[in-house]
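I opened this structure for the first time today. Here are my notes, in the order I looked things up.

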Amino acid sequence: MCGIVGYIGHREALPIVVEALKRLEYRGYDSSGIAIIHKGDLDVYKKQGKIIELERSLPEPSKCSGNVAIAHTRWATHGEPNEINAHPHLSCDGKIAIVHNGIIENYKLLRQQLIDLGHKFISDTDSEVIAHLIEQFVSTKLPLEDAVREAMKRVEGTYGLVVISKDHPDRLIAVRKGSPLIIGINDNEYFVTSDVSAIIIHTKRVIYLQDSELCVLRSDGFEISTLDKDNVKPQISVVDWDISAIEKGEFKHFMLKEIFEQPITIGNSFRGRINEEMGSARLGGLNLPRFELRKIKQIHLIACGTSYYAALIGKHIIEDIARIPVHAEYASEYRYRNPIVPEDTVVFAISQSGETADTLAAMREAKIKGARVLGITNVVGSTVARESDGGVYIHAGTEIGVASTKAFTSQVTILILLALYLGRMTHISADDGAKYIRELAEIPGKVEKILAQNEQICAIANSIKDSIHALYLGRGVNYPVALEGALKLKEISYIHAEGYPAAEMKHGPIALIDENMPVIAIATRDPLYDKIYSNLQEVRARQGRLICIATEGDTELKKISENVIYIPDTKTNLQPLLTVIPLQLLAYHVADLKGYDVDQPRNLAKSVTVE
């Protein structure tokens, strides 16, 4: 959720960690701070607001020079977003500084125990407990590394933690449990971060720390061991993308760039995974032999947020093509409701980051209940990727915009391939499968045709930007797209919006419709077209402002709509890959026209790594 970076080496640390913080800001931007060892002292600089506010407050470089530093950008959990609650947090004696991602569940108990021992707390955060707990163990003459070990053994919850000490200016300590930390390796210098995008300009050689692993970094080397002091042989990975992936280029915002990347990212999701001759897909990463796949009696798709709406689309398509019962569930509910997981159930955990706390907990619950758990994720080396029994990478590339766009369409693409893969084993012919493959191959070009309407969609956005509410309608496989469209508008423009199955409108929401209410309807040519057209007549009869997503050549909807956005025709089960594009652009332009920070909407962060 928050962003962490640390540096130790031969260069000036401050400019390195400041630049890294800017690349991490999408993970949290309520406040930020830096701790640096400068001429034997531990200096701390913190500021409420975005990174630029912190950068402006820093003294001239000569007054904050040093080769060891840690930094943090915060998304507030415990304690309001202000300078006092910003990280880094210090021990009472000011000698130890920590930055922390995660949640300390037993912090109230630990805090009171430490207060009873004479410790004085400054902030309202759970994280500050860690600095004092380490200090307490250091006071018993334990070496710093062992003090960190003993402290973290007493902590319940999740953490990605980095520690520096004034008394040990030659080292930096990192430890993780449930919150990602990555070690970056370069010549005579090392980095630690919660997201590889922060350090990619310096190195592509990384180590993904595992749970309960502790790393001691020095400028001349590093050691990794468990909290129980067992040595760990590190596995060094090479990141296979370059700096252009995290630059905006010619686009005003990352979100707009990522919307326009979708012809490429959708193609990347299915490239090398389709077999037109057999009318099927290749998904070898599932690590399931065909005889086991044929035994599947039920599928659970667990996810949060936008990924959950992709799961709802997947439910519809898999059941239609493969005829296997599918349950799509919020991971946050699945983990707590004692789910029924029958024999021969396969669970797919869907997460862009692969670090979503609720999704990880849900997949672990499914494993306990005996299910085979597979992952659909974007991030190589993520916890979902490591803990699942197999799975599929979506290959969407780094997604910086907090509101997910290209990852959503890539997830849907993978779910289409999965439906086809399973369906070919049981219910559809090679000829029908080949038709899906040919249609899927045309989707990137059709997305480009929709993106060419960007200026028209911007004009429509301008006509509704001052609305207070909006209603999104869809049916069948496009109902979850309506949910996703409403979510995008809420996330970045702060306009209240709700998605509904169009037929449910008359069971309550129709009471909201008047001449001021924009109603955005997905009314493409499919088996339910006549039904939704009738629903839209009901909107029109109540003077609702109707904006329709329609199939090219449809002239009927023009007669009842204020605006129509046309998409190319395709098979019904592939339509979500097209119908969502104008909704993404519409939300983007509404937010941009209102002057909001599209990439960093209020109260949100990219990856929800806390409960």
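This is a predicted model: local features need pLDDT of at least 70, side-chain atom pairs count only at pLDDT 80 or more; totals for chains, interfaces and linings use all residues.

**Entry 1: a proline in a loop.** I started at Pro 88, in the loop between strand 4 (68-74) and strand 5. The peptide bond that joins His 87 and Pro 88 is cis. I read its omega as about 0 degrees.

**Entry 2: Ser 91.** I moved along to Ser 91, in the loop between strand 5 and strand 6. Is Ser 91 buried or exposed? Ser 91 counts as buried, at 5% relative accessibility. I then looked up what Ser 91 touches, leaving out residues up to four places away in sequence. The list is Ile 96, Ala 131, His 132 and Glu 135. I also took one distance: from Ser 91 to Val 44 it is 12 Å, C-alpha to C-alpha. In sequence, Ser 91 and Val 44 are 47 residues apart.

**Entry 3: helix 4.** Three names in that contact list, Ala 131, His 132 and Glu 135, turned up again among the buried residues of helix 4. Helix 4 runs over residues 128-138, and nine of its 11 residues are buried, so the helix is largely enclosed by the rest of the structure.

**Entry 4: positive phi values.** I looked for residues other than glycine with positive phi. Arg 323 has a phi near 60 degrees. I located Arg 323 in the loop between helix 9 (305-322) and strand 18 (326-330). Arg 323 is exposed, with a relative accessible area of 51%. Asp 344 is not a glycine either, and its phi is positive at about 65 degrees. Asp 344 sits in the loop between helix 10 (331-334) and strand 19 (345-351). Its relative accessibility is 25%, so Asp 344 counts as partly exposed.

**Entry 5: Ala 303.** I turned to strand 17 (residues 298-303), where Ala 303 is found. Ala 303 counts as buried, at 0% relative accessibility. Which residues does Ala 303 touch, not counting those up to four places away in sequence? I listed Tyr 308, Glu 329, Tyr 330, Ala 331, Ile 350 and Thr 359. I checked Ala 385 too: its C-alpha is 14 Å from that of Ala 303, and the two are 82 residues apart along the chain.

**Entry 6: Lys 488.** A lysine in helix 16 (residues 479-493) came next: Lys 488. Lys 488 is buried, with a relative accessible area of 0%. Neighbours within four places in sequence aside, I found Lys 488 in contact with Met 255, Thr 306, Ala 403, Ser 404, Thr 405 and Ala 587. Ser 269 lies 22 Å from Lys 488, C-alpha to C-alpha, and 219 residues away in sequence.

**Entry 7: Asp 530.** I picked Asp 530 in helix 17 (residues 529-541). Asp 530 is exposed, with a relative accessible area of 62%. From Asp 530 to Val 68 I read 66 Å, C-alpha to C-alpha. Those two are 462 residues apart in sequence.

**Entry 8: the whole chain.** I stepped back last. I count 18 helices and 26 strands in the chain. The radius of gyration is 26 Å, close to the 25 Å from the globule rule for 611 residues, so the chain is as compact as a globular protein of that length. Along its principal axes, the C-alpha trace spans about 80 × 55 × 45 Å. Of the 611 residues, 61% count as buried. Among contacts between residues at least 6 apart in sequence, 71% join residues at least 24 apart. The accessible surface comes to about 23300 Å², and 48% of it belongs to carbon and sulfur atoms. I noted 69 positive and 79 negative side chains, with the centres of the two sets 2 Å apart.

**Entry 9: confidence.** The chain averages a pLDDT of 90, and 96% of the residues score at least 70. Where is confidence lowest? It is lowest in helix 8 (residues 290-294), at a mean of 83. Confidence is highest in helix 18 (residues 576-593), at 98.

Technical notes
Residues are numbered from 1 along each chain as its sequence is written. Side-chain values use heavy atoms; hydrogens and water are left out. pLDDT is the predictor's confidence in each residue, from 0 to 100. Helices (H or I, at least four residues) and strands (E, at least two) are DSSP runs, numbered from the N terminus. The radius of gyration is taken over C-alpha atoms; the globule rule is 2.2 Å times the number of residues to the power 0.38. Buried means under 20% relative accessible area, exposed over 50%, partly exposed in between (1.4 Å probe, protein chains only). Contact means heavy atoms within 4.5 Å. Accessible areas come from the Shrake-Rupley method with a 1.4 Å probe; for residues, only the protein chains shown count as cover. Lys and Arg count as positive and Asp and Glu as negative; His and the chain ends are not counted. The place of a charge is taken as NZ of Lys, CZ of Arg, CG of Asp or CD of Glu.
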